[in-house]
Amino acid sequence: MSAIPPSASQNSSSSGFQDFLPVMADKLGGDGLIGELCNGFNLLMDREKGVITFDSLKKNSALLGLQDLTDDDLKCMMEEGDFDGDGALNQMEFCVLMFRLSPQLMEASRFLFEEAFQHEFKDFH
């Protein structure tokens, strides 16, 4: 059961958001995709706090094509990704949330993980 309301999923789908991440993964590979997700985090985060807050997400939501989401939708997204319960998203929580919002990436995540793992440990063969 997802905490993301149907309207959030519908808006994400209609904006092409869910289709964009798999294309990036195919084009950039696992390491490149994670790098781009980190860049996205940096665009959305509150500069003073170093995390994504509700206010920083609301202020910058258009950068992800989420400008049509309601405050309730954005709050649900924050709650969905906030694993440590501090009311904000750190970089890891944001990256995990982006994968979770993209069903195609969830299916492909094992491949991306294996690719990144092999790249990281190539010297240990």
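**Ground rules**

I am working with a predicted model, where local features need pLDDT of at least 70, side-chain atom pairs count only at pLDDT 80 or more, and totals for chains, interfaces and linings use all residues. Residues are numbered from 1 along each chain as its sequence is written, and side-chain values use heavy atoms, with hydrogens and water left out.

**Confidence**

I checked pLDDT, the predictor's confidence in each residue, from 0 to 100. The chain has a mean pLDDT of 76, with 70% of its residues at 70 or more. Among the elements of the chain, I found the highest mean in helix H3 (residues 54-60), at 94, and the lowest in helix H1 (residues 6-15), at 41. Over residues 1-18 the pLDDT stays under 50, and for this stretch the model has 29 contacts beyond four places in sequence. Here contact means heavy atoms within 4.5 Å. A reminder to myself: where pLDDT is low, the predicted coordinates should not be read in detail.

**Overall fold**

I counted secondary structure next and got six helices and zero strands. Along the sequence that reads α-α-α-α-α-α. Of the contacts in the chain with a separation of 6 or more, 54% join residues 24 or more positions apart. The chain has 125 residues, and 38% of them are buried. By the cut-offs I use, buried means under 20% relative accessible area, exposed over 50%, and partly exposed in between (1.4 Å probe, protein chains only).

**The cavity**

Back to the opening topic. The structure holds one cavity of 30 Å³ or more, and the largest cavity has a volume of about 60 Å³. My working meaning: on a 1 Å grid over the protein atoms alone, a cavity is a set of points where a 1.4 Å probe fits but cannot get out, and lining residues have an atom within 4 Å of a point. Grid points are joined across faces, edges and corners, and a volume is the space filled by probe spheres set on the points.

I listed the lining as Leu44, Ile52, Leu57, Leu64, Leu66, Met77, Met78, Leu89, Phe94, Leu97 and Met98. H5 gives the largest share of that lining, three residues. I sorted the lining by type and got 11 nonpolar, no polar and no charged residues. In this sorting Ala, Val, Leu, Ile, Met, Phe, Trp, Tyr, Cys and Pro count as nonpolar, Asp, Glu, Lys and Arg as charged, and the others, Gly among them, as polar.

**The core**

Which residues have the most contacts inside the largest nonpolar core? I noted Leu33, Leu37, Ile52, Leu57, Met77, Phe94 and Met98, in a core of 22 residues. H2, H4 and H5 each supply at least two residues of this core, and the largest share, seven residues, comes from H2. A nonpolar core here is a set of buried Ala, Val, Leu, Ile, Met, Phe, Trp, Tyr and Cys residues joined through side-chain atoms within 4.5 Å. In soluble globular proteins, nonpolar side chains tend to be buried together.

**Single residues**

Thr53 sits in the loop between helix H2 (17-44) and H3. I count Thr53 as buried because its relative accessibility is 11%. Beyond its neighbours within four places in sequence, Thr53 is in contact with Asp46 and Met78.

In helix H3 I looked up Asn60 and Lys58. Is Asn60 buried or exposed? Asn60 counts as buried, since its relative accessibility is 16%, and its contacts outside four places in sequence are with Leu43 and Leu44. Lys58 has a relative accessible area of 40%, so it is partly exposed. With neighbours within four places set aside, Lys58 is in contact with Asp71 and Leu74.

Two long-range pairs close the page. Pro22 lies in helix H2 and is buried because its relative accessible area is 13%. Pro22 and Ser102 are 80 residues apart in sequence but 7.9 Å apart in space, C-alpha to C-alpha. Ala116 lies in helix H6 (residues 103-120) and, at 25% relative accessibility, counts as partly exposed. Ala116 and Gly29 are 87 residues apart in sequence and 8.3 Å apart in space, C-alpha to C-alpha.

Conventions. 1 Å grid on protein atoms, 1.4 Å probe; cavity = no way out; pocket = protein on both sides within 12 Å on 5 of 7 lines; lining within 4 Å. Helix = DSSP H or I, 4+ residues; strand = E, 2+ residues; numbered from the N terminus.
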